[in-house]
Amino acid sequence: MKNPSAAKLLLFLLLAGSCDSLPSGKNSAKSVYEPVAITPEVCAEIHVNGGWELVNIRTEGKNHKPDKPVRLTISECTFAKHVYEDASQHTDTFSLFRVIEFCADYQLVYKNDSIACINFRKDTMVVGACNNYEETRYYYKRIRL
């Protein structure tokens, strides 16, 4: 996957967990997201930093393995580095928001205004687009770098 936009979408989709009530893509008058003040302590509590490998994509109710290996390294709760099978790579920066009203744990807002919702389950990070989480989800397993 050489397309940075596709990679961002992939990251977005991998970070969301299953849920019946996700944002519908529109922001209501009241805030459902709270900015996270990224201190080393807070970042350590979130457990997003480290290495992740894409292991499953769930689309339209069906699971399938990724076509090619995709690895993701997140650092300082604000930087994401994507590395693909052919060793191509790109980096993204994002702001982290705690989700207050919906079932996602966190929302990532990238500098280009792309958004992803994420959930964590043990050593798995699930990413999805906040407005269509039930359609496509990406599952990453924690890996050692």
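Let me begin with Gln 107, which at 5% relative accessibility counts as buried, where buried means under 20% relative accessible area, exposed over 50%, and partly exposed in between, with a 1.4 Å probe and protein chains only. What we are looking at is a predicted model, in which local features need pLDDT of at least 70 and side-chain atom pairs count only at pLDDT 80 or more, while totals for chains, interfaces and linings use all residues. Residues are numbered from 1 along each chain as its sequence is written, and side-chain values use heavy atoms, with hydrogens and water left out.

On confidence, pLDDT is the predictor's confidence in each residue, from 0 to 100, and the protein averages 76, with 72% of the residues scoring at least 70. Among the elements of the protein, the lowest mean pLDDT, 43, belongs to helix α1 (residues 4-14), and the highest, 94, to strand β2 (residues 50-59); helices (H or I, at least four residues) and strands (E, at least two) are DSSP runs, numbered from the N terminus. Over residues 1-30 pLDDT stays under 50, and for that stretch the model has 101 contacts beyond four places in sequence, a contact being heavy atoms within 4.5 Å.

Now back to Gln 107, which is found in strand β7 (residues 106-110). Which residues does Gln 107 contact, leaving aside its neighbours within four places in sequence? They are Tyr 33, Ser 95, Leu 96, Phe 97, Val 99, Ile 115, Ala 116, Cys 117 and Cys 130. Four of the five residues of β7 are buried, so the strand is largely enclosed by the rest of the structure.

As for pairing, two strands pair if DSSP finds at least two bridges between them. Strand β6 (residues 89-99) pairs with β7 in the antiparallel sense over five bridges, and Phe 94 has Tyr 110 in β7 as its bridge partner. Strand β7 is also joined to strand β8 (residues 115-121), again antiparallel, by four bridges, with Ile 118 in β8 as the bridge partner of Tyr 106.

Let me finish with strand β10 (residues 136-143), which is mostly covered, six of its eight residues being buried. Eight bridges join β10 to β2, the two running antiparallel, and Trp 52 has Arg 142 in β10 as its bridge partner. Strand β9 (residues 124-128) is likewise antiparallel to β10, joined by four bridges, and here Val 126 stands opposite Tyr 139 in β10.
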